[in-house]
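Grab a viewer and work through a couple of exercises on how the parts of this assembly touch. Try each task before you read its solution.

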Protein chains: 2
Amino acid sequence: MTTERKKATIRDVARMAGVSYGTVSRYLNGNEHVSSSAAERIAKAIEEAQYTPNKAARSLAQQRTSMVAFIVQVESISTLMQASVSEAMANANQTLGEAGYQMVTLIANSEESTQRIAQLVQSDFADGYLMFSLSEDDSLLNIFRSANRPVVLSESNSHNTTPYPAVDFANTAGQRDITNYLIERGCAKLAYVCGPGYSPSSIKRLNGFKQAMGDRFDDGLVYYADDWEINSGELAAVAFQPRLDEVDAIACANDDIAIGVINQLHRFGYRVPDDIAVTGFDDSPIALMSDPKLTTVRQDSSLHGREMSQLLLSMLRGEAVDDHTVTMLPTTIVERQSA
Amino acid sequence: MTTERKKATIRDVARMAGVSYGTVSRYLNGNEHVSSSAAERIAKAIEEAQYTPNKAARSLAQQRTSMVAFIVQVESISTLMQASVSEAMANANQTLGEAGYQMVTLIANSEESTQRIAQLVQSDFADGYLMFSLSEDDSLLNIFRSANRPVVLSESNSHNTTPYPAVDFANTAGQRDITNYLIERGCAKLAYVCGPGYSPSSIKRLNGFKQAMGDRFDDGLVYYADDWEINSGELAAVAFQPRLDEVDAIACANDDIAIGVINQLHRFGYRVPDDIAVTGFDDSPIALMSDPKLTTVRQDSSLHGREMSQLLLSMLRGEAVDDHTVTMLPTTIVERQSA
DNA sequence: CTGTTAGCGCATTCAA
DNA sequence: TTGAATGCGCTAACAG
């Protein structure tokens, strides 16, 4: 069946087309100085030989790989499958692809895998990097410095001074806005379920809540979760139980937690939103699945992926971008039933 | 600050260590014929020069990349974020990493991206491929043939004769078992919501349902969905409405569809499972989020990723594996509340 | 417009 | 044990 011959090289094609392989190379790279007759013969030869340029050789010669690595740094696998991640990923893939770059995604979810990726980065694996980090682990950032390739971060850190340009959502404003929304609806006593401490977003959202609450902020009505998951919401509601009769609303740092809170409130016999209103954050797909449907803060993850890619592309083009630039993407309140 | 000098090469290290660069290469590749004194000096030089071998050059010279590509072929982005995908991905990453391979994931979700990946594959981008396809699009499979590198598929196709070794779940048996489970609980009249036609799993599950039903199978009580999503479940329930009073149970091809069915049944005023029992498939995280919680078929996606990787690794080691081998992974019924 | 040549950074064979 | 030489497949600069 399939003849098991070795792969054709540029020289084979040259021989078949009766030209030097320099000419073939020019043809391949869209150089204009190739006669149409030669071009034709080369095209035919490539077709016949089923020739495809070798990637390693090309990378070595031109000192670039035409690849961009999308690095997902997560504490646990469950984070990996968030809609926000895959949407950004898909959109970045699209945007980078159109610009001629192949996006490859790398998963850093352990000491070991992080180490391996660090090696890759230092060996000039890709031309640029999109760092989609959901943890505060900075170890990879140091690697980038010596690699000397453009990097764009998916999150500004809490102190707002990033080592690389970042594209982030207006987390603080988003949480502030939806908190004000609750206050305006007449909720006087508000509790808050905060996300895990390692997350910059988590901290920013808490700040937004604090801003809206001002003097009325009561740390006794804040539950600090260990992760972003449903179960944490349930735990939070349990923790609040003694004071549940006095609270009018519970704002949550993300949708999953909000779902957990609602579930537990139902078990306690409270009605949502009549007895207690609940808000989420992210507008993930499950916001529509809960009963009542979640009133939450929407952020456009596709836009996130696209903006990150575009920024990286401009850096790859050589345009100067200040390392501390932070692009803020807007968030909007989505009013549904839970508040 | 950081001196902007060019990256050190193997020659720089050699010079600093006072040896030829051939010796450095031997040292790097664990060749034993290196004197300990030379080894020491080389180690120091590498440290000082912050040297890391260039990946492209190494790949070119040894004709291997030490990378495995995990290709996710999806019709829509929503598929990408399924728990089954990310769990398999994370586990494959782990397994391959331990064996010294870097896993990179590629997303094929458009004509364009598929084309780009085809190019990559032909240019010997990776040493092996894990094909996680959720569509029946075979275009990439032809590419692999000429690339002549090991490939493992995540799904056997419906006619059970794959062009490459595959690791798949026992979909047919799983759906048959849970259907029998319903029958044994006294459900006489069963409806079925089938997944999208392009999916091999979808077809296999339908077959399982048919097997369990035998003569009682009634095509009028089968709804053929266009995708795997919640909304399709709602549409299915609507389609069944005229005959809903006579059905005892609705088996669904996946959990999301089952959730949609339950939601719609609730709107129609039916109680689940008292009036109508509902089953899902996958045991995805949302199976726990519905009310009532889903009785469903569990498949271990981590195992899936691991088995696929191990099979690929054995092929990379040169062990012979028949192209048509299909490893079947077991499924189990998880009994909760919906049936 | 095209052929020739010199690397890109490293692995590996052959001598020494 | 080590140095020198050759080649991996391709790009790019230089002649012509």
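This is a predicted model: local features need pLDDT of at least 70, side-chain atom pairs count only at pLDDT 80 or more; totals for chains, interfaces and linings use all residues.

Residues count from 1 along each chain as its sequence is written, chains are lettered from A and ligands numbered from 1 in the order in which they are written, and side-chain values use heavy atoms, with hydrogens and water left out.

**Exercise 1.** Find which residues come nearest to DNA strand D.

*Solution.* 
1. Collect the residues with a heavy atom within 4 Å of the strand. There are 26 around DNA strand D, and I10(A), Y51(A), S20(B), T23(B) and S35(B) come nearest.
2. Look at I10(A): a polar backbone atom there sits 2.5 Å from a phosphate oxygen of DNA strand D.
3. Now the bases: an N or O atom in the side chain of R11(A) is 3.3 Å from a base nitrogen of DNA strand D.

**Exercise 2.** Work out how much area chain B and chain A bury between them.

*Solution.* 
1. List the contacts (heavy atoms within 4.5 Å). Chain B gives 48 residues and chain A gives 48 residues.
2. Take the buried area, meaning the accessible area (1.4 Å probe) that two parts lose on being put together, summed over both. For chain B and chain A that's about 4,300 Å², with 59% on carbon and sulfur atoms.

Technical notes:
A polar contact is a pair of N or O atoms within 3.5 Å; within protein, one must be able to donate a hydrogen and the other to accept it, and residues adjacent in sequence count only if both atoms are side-chain atoms.
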